[in-house]
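Biologist: I'd like to talk through the charged pairs in this protein. Can you take me through them one at a time?

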Amino acid sequence: MPTTVGRRMDRLAPVQRGTRRIDRRTVVRSGVVAAVAYVAWLAIGAFGRPYNFFDMRIYHGAVVWWASGNGLYDFIAPSTTLGFTYPPFAGLVMLPMSWLPVAAAGSLNALASIAALAVVLAALLRPIVDRLGWSLWFTVGIATPLAVAIEPSRETLGYGQVNLLLFALIMADLVGLRWRAKRGTHHDTADSALARYVYSGAWAGVGIGLATAVKLTPALFIAYLMITRQWRAAMTAIGTAIGVTLATFAVVGPESRTYFGTVLWQTERVGAADMTANQSLAGLLARLYDSIETPGLLWLAFSVLMLALGLSRAAGARADGDELTAFTLVGLTANVISPISWSHHLVWVIPAIIVLADAAVRRHEASRGLSVRITGMPPTGGVPALRPPIWYPALTGLRHGLGALALYLLFLVSPIWPYEHQLPEVSHYQDGLFGALMENSLAIALIVLVAALPWRPGAEPAFYHDRLVRAAQLAGRR
């Protein structure tokens, strides 16, 4: 008996030693994640601005005012000229926070936004880390604080905005389109009808519809779905947006009539176009003309051009099997052509950075594989095998990697604020050409991304399964 027990303990010993190694590795990785989070916190303090949930105070005050029996759009925040500017459906969604103090509502919104961002990053990074053999939780643990530190995220959290939550709703539809493309691999083996429905991706479009009902700019994603003939998702998005809007009319008719009849058209409620925080094309043109208002015809002409460019490139990315880049291009295009795109609206730079970084890795991997194949060729007829320069594989993908790094650093540092100016007191050219470039740097970056963001053929196929099935059916008929 003692001998048997000793043998069993010997067999268990390697497992225990391996467990200890795994535990040590987990501890080290957890320390790295904590260190990155601390550095991100320091970066927010260094490059961010003082935050006090300014926008959340307006939303909170408006819904408290509304809950007290007053008109939602009659509220004006104390010491400001600002009121509630979202559709009434958003007011209904925000109404429960009237039961909380404003600081608690802002903190709860920040926690929910960070959690939503982490979930989105997990969904976006999952195909990449699976391909590279990385740890998902470790990668997301590093990526989340890095993403929180940049201008759109920290402004969203600090002001109490909802951009990251809307971003998550739209990206949920990207996941739904993925699952639709892979149907037959998950939902057929699911235990319940609900799970089969979820994994089927048939609900794709609901997130875009809800986001459109809260804020009108996500409607551009509906146009993209229609252009790319994703009719089911497009009809789901349209039905969701119209459905919740009509339901809101039934519940709060006076506010709905006020919003769609008057408030929607009162652009002055939002702010002046030339304000530094407005990093849209309209804001860029207003500052270049050193005017409070945007030159209308010029803005319209360039907006139509950017709209056509952005949607055509998004359709091209999808046709090549990169749905993530397609969604990113649509989001960036919406930021560019919107009359007002505050810096906290620009969350679409987050997937743009991911796309650029992954493009760099993919090109580098492809180059290494090509180098191995070429250098491994046997000489033919006395001619030595072709050998590319030894530095060539190392530099392949470098420009995409540098682009991702430069884009991240630009939105981390956010050089618009040291050169912030406000008409009529101070000209936007007060600090010369360099100051004007810095004040418009984020808008310029968005325009460049719409025109030049690369896509990764076959990286995010949201329709290849259907295409392969149809091709097989046609081959069978022949």
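What follows is a short chat about salt bridges in this predicted model.

Biologist: How many salt bridges does the count come to?

Modeller: A pair counts when a side-chain nitrogen of Lys or Arg sits within 4 Å of a carboxyl oxygen of Asp or Glu. By this rule, the count is 8.

Biologist: How many residues apart in sequence are the parts that Asp358 and Arg131 tie together?

Modeller: Their side chains meet in a salt bridge, N to O, at 2.8 Å. Asp358 belongs to helix α16 (residues 349-375) and Arg131 to helix α4 (residues 102-132), so the parts they tie together are apart in sequence by 227 residues.

Biologist: Is Asp358 buried or exposed?

Modeller: The cut-off for buried is under 20% relative accessible area. Asp358 has 3%, so this residue is buried.

Biologist: About how much of the helix separates Asp358 and Arg362?

Modeller: These two side chains also form a salt bridge, at 2.9 Å from N to O. Arg362 is partly exposed, at 26% relative accessible area. Asp358 and Arg362 are 4 residues apart in helix α16, so the separation is about one helical turn.

Biologist: Where does Arg456, the partner of Asp358, lie?

Modeller: The side chains of Arg456 and Asp358 meet in a salt bridge at 2.7 Å, N to O. With Asp358 in helix α16, the pair ties together parts 98 residues apart in sequence, because Arg456 lies in the loop between α20 (441-452) and α21 (464-477).

Biologist: Which residues do salt bridges with shared partners join into one network?

Modeller: Arg456 and Asp358 are both buried. Through shared partners, the salt bridges make one network of Arg131, Asp322, Asp358, Arg362 and Arg456.

How values were computed:
Residues are numbered from 1 along each chain as its sequence is written. This is a predicted model: local features need pLDDT of at least 70, side-chain atom pairs count only at pLDDT 80 or more; totals for chains, interfaces and linings use all residues. Side-chain values use heavy atoms; hydrogens and water are left out. Helices (H or I, at least four residues) and strands (E, at least two) are DSSP runs, numbered from the N terminus. Buried means under 20% relative accessible area, exposed over 50%, partly exposed in between (1.4 Å probe, protein chains only).
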